[in-house]
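This report describes selected sheets, helices and single residues of the structure shown below.

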Amino acid sequence: MTPREVLEKYWGYKEFRPMQLEIVESVLSGADTLGLLPTGGGKSVTFQVPALMLPGLTVVVTPLISLMKDQVDNLRDRGVTAVCLHSGLSRAEHKLGLDRCRLGKARLLYLSPEKLRSKTFLDQLGRMDVSLIVVDEAHCISQWGYDFRPSYLRIAELRTLFPEAPVLALTASATPEVRADIMDRLGFREPKVFARSFARPNISYVVRLADHKDGLLLKALHSTAGSAIVYVRSRKRTRELSEMLTAEGISAAPYHAGLDPVVKAERQALWKSGRVRVIVATNAFGMGIDKPDVRIVVHYDLPPSLEEYYQEAGRAGRDGQAAYALLIASRSDKGLLSRRITEAFPPRDFIRRVYELACVFTSVAVGEGYDTVRQFDFPLFCTRFHLQPAMTRSALMLLSRSGWFEYVDEVASRSRAMVTLTREELYGLRLDPVADRVFQLLLRTYTGLFADYVTISEELISQRLSLSADEVYQALLSLSRAGAVSYVPRSTMPYIYFTTRREETRHVLIPTTIYEDRRRVMERRIRAMQDYVFRADTCRVERMLLYFGDPEAGECGRCDICREGRPARPAKPEPTLADTILYIASQPDGHTIDYIASQLSLPAPRIIAAARPLLDSGRLTLTPAGRLTTADGTDGGMTVR
């Protein structure tokens with residue numbers, strides 16, 4: 001079958017979206033490939049189609065547990081067997097998933113990155129036939145990425161296990177510096193980059209300054225039609241704004257990572273169906289949410305980086321129709337952004353104290369804990385030890401990035417069940433009346449229980465049988481004890497996966513690359529975000545595209561600055577190849593000739609020919625590492641104004 005035939009058979013589409021087919025064909029040719037597709041660009045299709053055409057298993061590494069579960073469910077609905085493995089699964093679920101892959105019954109295996117720290121797991125994986133390695137959210141592997149995760153560095157070990165398998169790295173937003181780092185860390189045999197322009201011509205980007213944000217939010221929602229997302233930075237504010245909007249006659253619902261999985265699913269379904277117009281959410285909402293008709297995305301609070309802002313704002317107008325991305329800022333927001341740096345990088349003594357207290361809280365003694373998973377009630381932890389939540393969460397993330405453990409708070413697993421007896425064995429089963437009623441309803445309501453773990457709802461069972469929630473829970477436990485059902489109750493509890501044995505606190509060090517270097521990266525990102533919001537002398541889209549190194553940067557004509565009639569600048573002459581080389585080489589530490597050639601889709605000899613006069617004149621310098629840099633730190637006149 002051809003890629004188009006696979007697409008039509010399983011997804012029902014006759015044509016790929018822009019750049020999807022090019023990425024698919026590159027992967028099928030065996031080339032290491034970096035795909036940069038904007039939010040809503042259809043990244044998952046670029047590896048799911050090859051997975052159905054290649055002979056072996058496709059391994060997908062992704063940090064988003066909720067997204068991998070959604071994709072596995074969606075693939076199963078299309079008749080494709082897929083498995084996801086992460087540390088939050090039961091032993092039985094983990095064994096069943098591995099058995100499916102080992103026996104060739106699964107086409108895709110989704111992994112959370114911390115699984116790669118287990119030598120036992122890597123040994124098991126190494127005995128399988130893997131045809132393709134996919135790195136989703138690939139910016140996480142870069143030290144300069146906005147969401148760097150050290151466990152991603154282990155992906156390089158997959159390359160040694162499967163040297164013939166090509167790598168497909170995917171991300172929605174990455175600066176030129178991050179792109180180069182991704183390819184370097186994944187050991188690309190040669191750079192092959194497919195990048196759609198970051199421009200979204202149908203979205204009008206607008207910034208409004210207001211000390212009273214509620215009034216401006218109401219005005220924006222009243223003057224637009226269709227579905228909306230309002231992004232905030234705290235769980236408390238999701239509730240407060242939802243209540244305010246509802247009181248003003250606008251249907252709204254709050255959404256954040258701490259909600260019960262059933263509640264989240266219900267609210268998401270209400271919003272997707274249009275019965276709730278506005279979802280007020282933290283950044284926990286949006287990944288994998290493919291709702292095409294969102295007409296406005298409002299940022300009530302400022303995100304800490306243009307990468308996050310671009311991804312969240314890009315959830316508007318996926319149907320290609322006109323949409324708005326509104327950011328509401330107050331005079332105090334600039335200072336609040338700066339204070340986030342201190343919050344994100346607490347003192348090292350505080351970080352070491354959090355490590356010690358986390359080990360005490362999870363009952364892990366010195367020298368113990370290796371390769372264990374411990375539930376971690378974060379609010380109780382902060383309350384018990386009188387810790388400030390924001391700084392404590394930052395300390396946990398810094399400890400994770402330094403390799404002391406993996407703190408996972410993106411947990412929202414629904415209850416699952418699987419029948420563990422054969423149909424013949426069920427005839428001799430003796431159960432109490434309540435457990436028997438629950439078991440019979442399970443068999444009537446859910447399909448596939450004999451083959452795999454199936455998501456179930458205790459609330460639904462409770463309603464249909466007129467039982468209390470506790471009676472249903474106890475009946476499911478009784479079925480589990482009888483060996484009839486393997487039952488995994490739902491959980492929203494974060495957990496800590498100990499990747500090393502507990503060390504004495506004095507030995508817990510946070511490397512400079514994790515603390516000082518990343519602090520400087522965050523400072524640069526926050527300055528870029530502040531400039532985007534509070535400077536009014538340049539088209540907002542042009543500023544954002546230049547930040548991402550998009551060669552199509554230019555005035556959009558639709559943002560608030562362009563529309564408010566700012567005096568037009570004289571038209572700039574088209575940049576020459578020499579100008580473009582100077583601009584790329586002006587990035588921190590410069591770039592190699594091969595990298596520049598890949599970015600411009602030109603052969604390396606042409607880049608060398610254009611760079612030679614610049615080297616002779618001293619405007620370019622070639623470092624001992626083979627990277628071109630600008631001698632004076634400028635970009636030849638292509639700077640961001």
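## Basis of the description

Two strands are said to pair if DSSP finds at least two bridges between them. The model is predicted, and the pairing described here is computed from it.

## The antiparallel sheet E14-E19-E15

Under this criterion, three strands form an open antiparallel sheet in the order E14-E19-E15. At its edges stand strand E14 (372–375) and strand E15 (406–408); each has a single partner strand, so one side of each is left without a neighbour in the sheet. From one strand to the next, the twist averages 20°.

The pairing of E14 with strand E19 (residues 495–498) is antiparallel and extends over four bridges. Within this pair, valine 373 stands opposite tyrosine 497 in E19.

## The parallel sheet of six strands

A second open sheet contains six strands in the order E8-E13-E12-E9-E11-E10, and its pairing is parallel. E8 and strand E10 (252–255) are the edge strands, each pairing on one side only. Neighbouring strands of this sheet are turned by 20° against each other on average, direction ignored.

E8 pairs with strand E13 (residues 323–329) in the parallel sense over seven bridges, and tyrosine 205 stands opposite alanine 325 in E13. Although E8 is an edge strand, five of the seven residues of E8 (residues 203–209) are buried, so the strand is largely enclosed by the rest of the structure. Elsewhere in the sheet, strand E9 (residues 227–231) and strand E12 (residues 294–299) pair in the parallel sense over five bridges. There, serine 227 has valine 294 in E12 as its bridge partner.

## Elements around the parallel sheet

Helix H9 (residues 213–222) lies across E8, E9, strand E11 (278–281), E12 and E13. Relative to E13, H9 runs at about 170°.

Threonine 238 belongs to helix H10 (residues 235–247). With a relative accessible area of 0%, threonine 238 is buried. Leaving aside neighbours within four places in sequence, threonine 238 is in contact with Val232, Pro254, Tyr255, His256, Val280, Ala281 and Thr282.

## The H21–H22 pair

Helix H21 (residues 516–534) and helix H22 (residues 540–547) pack with their axes 10 Å apart, at an angle of about 165°. Angles over 145 degrees count as roughly antiparallel, and H21 and H22 are therefore roughly antiparallel to each other. H21 passes H22 in a right-handed crossing. On the H21 side the contact is made by Arg525, Ala528, Asp531, Tyr532 and Val533, and on the H22 side by Arg540, Arg543, Met544 and Tyr547.

Seven of the eight residues of H22 are buried, so this helix is largely enclosed by the rest of the structure. The buried residues are Arg540, Val541, Glu542, Arg543, Met544, Leu545 and Leu546. They pack against E8, helix H12 (306–313), H21, helix H23 (560–563) and helix H24 (577–585). Just after H22, glycine 549 takes a positive phi of about 70°.

Histidine 94 is located in helix H5 (residues 91–102). Its relative accessibility is 17%, and histidine 94 therefore counts as buried. Apart from neighbours within four places in sequence, histidine 94 is in contact with Leu85, Lys115 and Phe121.

Arginine 107 lies in the loop between H5 and strand E4 (108–111). At 26% relative accessibility, arginine 107 counts as partly exposed. Leaving aside neighbours within four places in sequence, arginine 107 is in contact with Ala51, Leu52, Met53, Leu54, Gly56, Leu57, Thr58, Val80 and Thr81. Arginine 107 and serine 197 are 90 residues apart in sequence, and their C-alpha atoms are 31 Å apart in space.

Key:
Residues numbered from 1 in each chain as written. Predicted model: local features only at pLDDT ≥ 70, side-chain atom pairs only at ≥ 80, totals over all residues. Heavy atoms only, no water. Helix = DSSP H or I, 4+ residues; strand = E, 2+ residues; numbered from the N terminus. Buried < 20%, exposed > 50% of the residue type's maximum accessible area, 1.4 Å probe, protein only. Contact = heavy atoms within 4.5 Å. Axes fitted to C-alpha atoms, helices over the stretch in contact; angles between N-to-C directions. Parallel < 35°, antiparallel > 145°, perpendicular 65-115°, else oblique. Left-handed = near helix turned anticlockwise from the far one by under 90°.
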